[in-house]
Amino acid sequence: MHRYILRIKGKDIYLFNQFLRYMFIFCILLSAQSVASENVIEDYEIKGINDDLEKNVALYLKQLIGEKPTLTLRRYAKKQVENSIKALGYYGPKVEVNFDKDERDLVVRVERGPATRIAAINISVKGAGKQDSALLAVINNITLKQGDILNHGHYDSAHKKIESMLLELGYFDAKWPARKLEVSLGKHSAEVTFIIETGVRYQFGDIVIASDTPAEKYIRSLAPFAKGQPYKSTHIADYNLDLSSTPYFTSVRVYADITERKNNQVPIKVDVLHKPANSYEVGGGFSTDLGPKVRFKWSKPWITQDGHYLESNLNVSERQQDISMAYTIPEDDPNDDLWRFSVGYKLEDELANNIYSEILTGQVQRQWLTDNNWVRTAFIRRDHETYRIGDDEEESSEMLMPGISYARKKSKGGTTPYWGEQWLISAEFGVEDVLSSTNLIRVQLQNAWLRTYLDRHLVFLKANLGAMLVDNIANVPYSLRFFAGGDQSVRGFAYQSISPENDEGQLIGGKYLVSGTAEYNYQFAQNWRVALFVDGGTATNDFSDRFEVGAGFGFRYLTPVGPVRIDHAWGLTKESKSTRLSITIGPEI
């Protein structure tokens with residue numbers, strides 16, 4: 001058996017101990033680096049500047065949240081901050097970027113230095129556009145002004161606005177021989193130069209319909225421009241909207257075919273897709289006045305070569321059912337210049353308290369557009385109505401009522417409007433000796449107004465006035481009498497619950513109507529608004545009845561088909577002070 005004896009000299013022991021010491025230090029450094037590498041930027045602090053400068057710097061620094069605190073990041077952050085300061089006209093900033101002791105916050109100190117101001121703005125327009133008042137108005141109103149602190153955003157915006165107006169007005173050959181921003185660091189000044197060669201302004205050319213269509217007559221008649229008229233893109237948008245509003249097409253595309261422009265004219269292409277010979281729509285919803293409801297629509301959009309069309313609607317809910325059918329004969333304009341013949345049947349049972357009503361109606365309308373864009377409708381209507389109030393016996397009435405109405409609606413924002421106005425003025429009459437149960441003159445005015453301020457604040461106002469000239473309200477058909485209350489009238493009160501009463505306390509309707517709404521909405525999220533509102537109104541025969549007031553709050557959920565409006569309202573003037581919840585779907589205007 002052999003014995004091995006390990007002998008270690010003193011020098012070897014010393015070297016081994018040194019090795020262990022270095023390994024220990026290396027492990028500590030590696031561990032510290034590992035911990036540091038786990039840190040990320042969680043916040044930032046900006047010192048030395050405020051207002052727009054601070055906001056602009058913050059836009060860059062927000063992008064660094066979640067990044068690791070490295071030397072490369074500091075260099076990048078410093079460069080970004082300097083660029084953000086220069087963009088607002090300060091070309092000599094002093095910037096320091098550091099991490100706090102935990103390396104989780106980015107601390108930025110800025111000395112902005114002297115401001116660079118615009119010393120001169122040189123804008124030269126050549127070509128046909130130099131005498132175009134619309135183009136020159138845009139140029140004169142750009143946000144660049146001599147003496148202002150240079151703002152690169154305003155410079156880019158001015159260029160884009162002019163470029164956009166050139167395209168809108170049909171300067172399709174426009175060029176920019178010079179577009180310069182020259183900065184003198186020594187003088188702290190800048191000079192802006194725009195040289196615009198507009199070329200010719202194109203005119204509207206031929207309307208080119210992409211496919212065969214029986215609606216060619218109406219496609220051409222609805223054009224809001226004539227061949228040879230100076231081009232303007234808003235006419236194209238209006239044309240597209242008017243064609244889309246007709247009953248004939250599922251899709252419409254109207255555009256200027258710039259690639260085919262020649263002889264100073266640009267052809268207008270129209271591409272349409274027709275609705276099927278028969279189309280059907282099924283829908284539903286909920287109203288606190290009507291309960292659950294179902295809707296069915298059948299339309300036949302093209303019956304004759306002249307574009308006659310047929311529509312039929314069926315609406316069924318727990319307390320109301322109605323069906324209607326309308327045959328329309330367009331003249332020059334299938335939207336606003338037409339004849340319409342319609343019949344309908346409507347049944348309401350307990351929709352208002354202890355009321356039963358059944359109406360059969362037929363109507364002839366002539367509708368056309370006035371020079372001031374009011375939709376004028378002259379009509380004659382024949383109604384046969386059977387109704388019962390409470391436990392009274394059923395009564396029947398006959399009315400032959402000629403009348404006229406004027407309506408106008410303007411809105412922006414589609415199914416979720418942010419701006420709008422709506423008017424409806426109507427007058428109708430009946431003569432007892434001419435197929436009517438009583439002599440009657442009935443007028444009504446409705447107005448709605450909507451505006452949005454600072455993107456998030458919406459104000460909605462509505463008024464409804466009505467009056468009848470009649471000897472005895474008891475001789476007026478129930479459906480023609482005035483009532484107030486409900487989701488679309490005075491919230492906090494039941495449907496048609498504001499009305500004069502007879503000796504038995506039954507609601508019988510009135511000769512006059514006054515109601516109004518004031519509502520404020522605040523949009524606190526992308527698809528949500530909160531609302532505060534006050535409604536008031538009365539239906540009366542002699543204005544001795546109380547003016548009822550309801551108020552409350554609600555929420556609006558914005559959807560592609562319009563806002564879903566959920567309201568909780570108090571009847572402030574009711575003795576019970578009870579509340580009502582209402583849910584409606586659709587835009588305010």
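Reply: Ser515 touches Lys462, Ala463, Asn464, Ser489, Gly536 and Gly537, when residues up to four places away in sequence are left out (contact means heavy atoms within 4.5 Å). The model is predicted, so local features need pLDDT of at least 70 and side-chain atom pairs count only at pLDDT 80 or more, while totals for chains, interfaces and linings use all residues. Residues are numbered from 1 along each chain as its sequence is written, and side-chain values use heavy atoms, without hydrogens or water.

Ser515 belongs to strand 21, which covers residues 512-525 (strands are DSSP runs of E with at least two residues, numbered from the N terminus). With a relative accessible area of 12%, Ser515 is buried (buried is under 20%, exposed over 50%, partly exposed in between, with a 1.4 Å probe and protein chains only).

Tyr327, by comparison, sits in strand 13, residues 320-333, and its relative accessibility of 26% makes this residue partly exposed. Apart from neighbours within four places in sequence, Tyr327 is in contact with Ile303, Thr304, His308, Tyr309, Leu310, Trp339, Arg340 and Phe341.

Glu393, finally, is exposed, with a relative accessible area of 69%, and is placed in the loop between strand 16 (375-389) and strand 17 (395-412). Together with Asp391, Asp392, Glu395, Asp503 and Glu504, Glu393 forms a negative surface patch, where Asp and Glu count as negative and patch residues have over 30% relative accessible area and no salt bridge, like charges being joined within 9 Å and nonpolar side chains within 5 Å (a salt bridge is a side-chain nitrogen of Lys or Arg within 4 Å of a carboxyl oxygen of Asp or Glu).

Note on methods
Accessible areas come from the Shrake-Rupley method with a 1.4 Å probe; for residues, only the protein chains shown count as cover. The place of a charge is taken as NZ of Lys, CZ of Arg, CG of Asp or CD of Glu. Helices (H or I, at least four residues) and strands (E, at least two) are DSSP runs, numbered from the N terminus.
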